[in-house]
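Dear colleague,

I am handing over the structure below, and after it you will find my notes on what turned up in it.

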Amino acid sequence: MHQELLVKGMRPKAVLIDLDGTMVDTAPDIVEAVSQMLDEFRSAPLPFATVSGFIGKGVPNLVRRSLEAAGLARRVDAEHAVNVFHRHYAQTNGRLGRVFPHVGSGLGELQRLGYRLACVTNKPKELAAPLLLATGLARYLDVLVAGDSIDKMKPDPEPLWHACRLLDVEPEHSVLVGDSPVDVSAARAAGLPVFIVSYGYAGPAGSAALECDGLIDSLMAMPAILASWGLGGRGQGRRGET
């Protein structure tokens, strides 16, 4: 079990946190940008649930799957469509979405307790950085590793390891908080414990189906969980309540 990394009394020092679906509900912004992109290609918008189900594996994947779902894959160049999406998303980014409840207070408490904090997201830096600034979350974060910061994205483990290097914290002293199968796969590959929020973009089976080290209702659950693990315990088990 990856929990064994922390149960031996190794106090956690860093928390890596996903962005979309974990800290910010960005689906409304993304779906609107996809709708505007499709409209430019003279196609009707897709259902909200369809597009939101494509979130989490980077913009090229989001655009490709949206084109496929709209029946445009054969007549629209995917690279061109990515550029069109970025143009529209630059206008919708942070306009319709919202910070999930207790994210700021949870990050603030973790910061107060001395944890190093990093956002590790597949969102490009040109979109992630302004969003973190606009929502006021940037002030809690020591590091941002975006989808184009290095040449690998989650579920590859390298973004998590890169964040740990920037924080000057070993992976065995770090945990990941995310919302999706991509986060679970990245954490497992990197050797980090992973906690999943109950409200994010977990896919059709829901967050309870993800094989994580703990299911939490908000980031406010993390200080107590990490304190327990740092003392050699197993946190609050499968679910950490707020």
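Both Phe 85 and Tyr 89 are buried, where buried stands for under 20% relative accessible area, exposed for over 50% and partly exposed for what lies in between, computed with a 1.4 Å probe on protein chains only. Before going further, please note that this is a predicted model, in which local features need pLDDT of at least 70 and side-chain atom pairs count only at pLDDT 80 or more, while totals for chains, interfaces and linings use all residues. Residues are numbered from 1 along each chain as its sequence is written, and side-chain values use heavy atoms, with hydrogens and water left out.

Aromatic pairs

Rings of Phe, Tyr and Trp (for Trp, its six-membered ring) pair if their centres lie within 6.5 Å, and the planes count as stacked when under 30 degrees apart, as edge-to-face when over 60, and as tilted for the rest. The count by this rule is 2 aromatic pairs. Phe 85 and Tyr 89 form a tilted pair, 5.3 Å from centre to centre and with 40° between the planes. These two residues both belong to helix 5 (residues 78-92), 4 residues apart, which is about one turn of the helix; helices (H or I, at least four residues) and strands (E, at least two) are DSSP runs numbered from the N terminus.

Phe 100 and Tyr 199 also form a tilted aromatic pair, with 4.4 Å centre to centre and 40° between the planes. This pair links distant parts of the chain, 99 residues apart, since Phe 100 is in the loop between strand 3 (98-99) and helix 6 (103-112), and Tyr 199 in the loop between strand 7 (194-197) and strand 8 (214-216). Phe 100 is buried at a relative accessible area of 6%, whereas Tyr 199, at 22%, counts as partly exposed.

Cysteines

With a disulfide taken as a pair of cysteine sulfur atoms within 2.5 Å, the structure holds 0 disulfides. Cys 119 is in none, the nearest cysteine sulfur being that of Cys 164, 14 Å away, and Cys 119 is buried at 0% relative accessibility.

Largest pocket

A pocket is an open set of points on a 1 Å grid over the protein atoms alone, where a 1.4 Å probe fits, with protein on both sides within 12 Å along at least five of seven lines, and its lining residues have an atom within 4 Å of a point. The largest pocket is lined by 15 residues, and those nearest its centre are Gly 53, Ile 55, Lys 57, Pro 181 and Gly 203. Helix 4 (59-69) and helix 9 (181-190) are the elements that give two or more residues to this lining.

Backbone

Most residues other than glycine have a negative phi, and most peptide bonds are trans. Lys 154 and Pro 155 are joined by a cis peptide bond with omega about 20°, and Pro 155 lies in the loop between strand 5 (143-145) and helix 8 (158-167). His 102, though not a glycine, has a positive phi of about 70°, and this residue is partly exposed, with a relative accessible area of 46%. Asp 168, likewise not a glycine, has a positive phi of about 60° and counts as exposed at 69% relative accessibility.

Best regards
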